[in-house]
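Please walk me through this structure in the viewer. I would like to know what to select next and what is there.

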Amino acid sequence: MCGIVGYVGSRKVSDLLLEGLFRLEYRGYDSAGIAVHDGGAISLRKRAGRVQELARLVDEQPVEGGVGIGHTRWATHGSVTDANSHPHVGGNGEVVLVHNGVIENHDTLRDHLQSRGYVFQTETDTEVVAHLVAHHLDERVKLGDDPGETETYVRAVEITLTELKGTYGVVALFRDLPETIVTARLGSPLVVGVGEEEYFVASDASPLVGYTDRVHYLSDHELVVLTPEKMDVRHRDNGRVRPSLQTLDQVADDTDLGEFEHYMLKEIFEQPKALENAIRGRLDEDAATARLGGLNMTPRQLRRIDRIVLTACGTSWHAGLVGEYVIEEFARIPVEVEYASELRYRNSPLSENTMTFAITQSGETADTLAAMRELQRKGHPALAICNVVGSTIAREADGGVYLRAGSEIGVASTKAFTSQVMILNLLALHLGRTRHLSFPSGERFMRRLRELPEKVEQALACHEQVKEVAARYHAFDNYLYLGRLYNFPVALEGALKLKEISYVHAEGYPAAEMKHGPIALVDERTPSVFVIPKGGIQPKVMSNLEEVKARGGPVIAIACEGDERVAEIADETIFVPYVEEHLQPIVTSIPLQLLAYHVALLRGCNVDRPRNLAKSVTVE
Ligand code: F6R
């Protein structure tokens, strides 16, 4: 959460920072600000609201210079105001910095600094860091360090970092050191981009795209000093280290909206392509299995696995639930799906042969990262199913599988969910083929996977019909989403999509569980969305649907093409093509994504930037 960008070089820094902030806005959009050094002084521009507001301010009050930092905020400490927007100023203006993360001991540090005469202008935890750096700078100079020397500033930052409890990605500018920025990381991602006599720093690589493809990802406890000529990387424990440069393979037009009005809609329509990418080169025709070399495990090791733990948050957790069903069905290995925020603090017993996966689109979710590290600390190799190449989880995992879904920018996850389900199907096939799954069954499984992108293309044809349904139902304030077996996680996911972008209350439930409580909610003002495609369990779901109808509840059904029985009973029926049950979540989630999208639009909500949310949840 929160997006950071910084630059040293000779470009017009305010334009570059604003462009970077627009690209990072999905990480937080409560407020935005920049600080620019013109060689003599640092100018600050910051404003509550979207980056567009800041751009307007900079237009009215331009700032000149070639060194600067910027920030787009997702508020943690302190309300959304101009004053609480980053950058924050330390001391008498000798330090200006931006920060992502949470400083847990900010209260104690604030008291300490106030007792020494520091005056606070904001309610943020970040201002504490700014004053603390200023304080240590002052101390260093009193002790005889040269105020014109970079090392004096680096030392002040290093001492400050040792006093912080919590997480940070921080970038600092200094009034009396015009050509330098200092950046450091613990728990909040940062990447340095290397150009010709210029350097960039950002929370993720998106602001760098089009400027450079050479990057260094900071590790925890790394501090980097950047001047136009040089990048100097130091590690708290290892001293100076060589940057590990990598090549970025993101392309600029990934972030273009093209013909679409919103990223969410664009990403919904990208799903056939994303699914094709997920299976490309991963189906081994000769062995009738999936090729997942990134797992870094031999068939013998795979054969020994006796349990799988999948850990994730939000939508990725829902994908994990589908993973549980499909792996247990085809590979016959017991699977547990754990919320990462719970797993990280639990002391769950794990057998030696437990295989663990973190499932994450961004690869930066703080709880998922912490859960993965906890597993690794206990000696378990932790693998990842991840979308963002070069993200922290992708780098720290012991192996895994990339989604290859392309950038997902809309805050509501869509194509990442279906791609995760696809990868979990590949994993089930791969593990199944080391065990009971026969060659012909493996071939059948692969055939279905290959057909899937086309089926999703067909499912997208429901768009117009979903739009009409949304027009009739958008004014309702409570919804139930119901499904069973493979479509129970789809019900959870459908409800989450509606909640997060339209602010409408929605509950996802296993359809049969409804009788144990939620059925009390059913009335003519509470629509139930039934996910009821063809399959072994369908007659049972049908009974659940009848139970709702009998109580006067409106029903929107997601059913298979030609299923007239459902259509006769439900008030609205949205048809999708039939696919095998283990792949149904990929198809049945499409109309639910579209429904959430259109309900949100009709309720006047910001679909890509829903309130209170951010794309990457990098705080606990
Ligand atoms: C919902 C959504 C979130 C994320 C969750 C985990 O649409 O996007 O629930 O799924 O924050 O994020 P990742 O997958 O990046 O770890």
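Select tyrosine 325: at 26% relative accessibility it counts as partly exposed. Buried means under 20% relative accessible area, exposed over 50%, and partly exposed in between, with a 1.4 Å probe and protein chains only. This is a predicted model, in which local features need pLDDT of at least 70 and side-chain atom pairs count only at pLDDT 80 or more, while totals for chains, interfaces and linings use all residues. Residues are numbered from 1 along each chain as its sequence is written, and side-chain values use heavy atoms, with hydrogens and water left out.

A search of the whole structure finds 9 aromatic pairs. Rings of Phe, Tyr and Trp (its six-membered ring) pair if their centres lie within 6.5 Å; planes under 30 degrees apart count as stacked, over 60 as edge-to-face and the rest as tilted. The rings of tyrosine 325 and tyrosine 486 have centres 5.8 Å apart and planes at 65°, so this pair is edge-to-face. Tyrosine 325 lies in helix α9 (residues 314-331) and tyrosine 486 in the loop between β23 (478-483) and α16 (487-502), so the pair links distant parts of the chain, 161 residues apart. Helices (H or I, at least four residues) and strands (E, at least two) are DSSP runs, numbered from the N terminus.

Next, select phenylalanine 330 and phenylalanine 445. Their ring centres are 4.9 Å apart and their planes stand at 80°, so the pair is edge-to-face. Phenylalanine 330 is in helix α9 and phenylalanine 445 in helix α14 (residues 439-459), 115 residues apart, and the pair links distant parts of the chain. Both phenylalanine 330 and phenylalanine 445 are buried.

For a cluster, select Tyr7, Phe200 and Tyr211, which are linked by ring pairs.

The next stops concern the backbone. Most residues other than glycine have a negative phi, and most peptide bonds are trans.

Go to histidine 86 and proline 87: the peptide bond from the one to the other is cis, with omega near 0°. Proline 87 lies in the loop between β4 (67-73) and β5 (88-90).

Then select alanine 288, in the loop between β16 (283-284) and β17 (289-290). Although alanine 288 is not a glycine, its phi is positive, at about 50°. Is alanine 288 buried or exposed? Alanine 288 is buried, with a relative accessible area of 0%.

Move on to tyrosine 503, in the loop between α16 and β24 (505-510). Tyrosine 503 is a residue other than glycine with a positive phi, near 60°. At 28% relative accessibility, tyrosine 503 counts as partly exposed.

Finally, select the whole chain. There are 19 helices and 27 strands in it. Along its principal axes the C-alpha trace spans about 85 × 55 × 40 Å. Of the 620 residues, 61% count as buried. Contact means heavy atoms within 4.5 Å; among contacts with a separation of 6 or more, residues 24 or more positions apart account for 71%.
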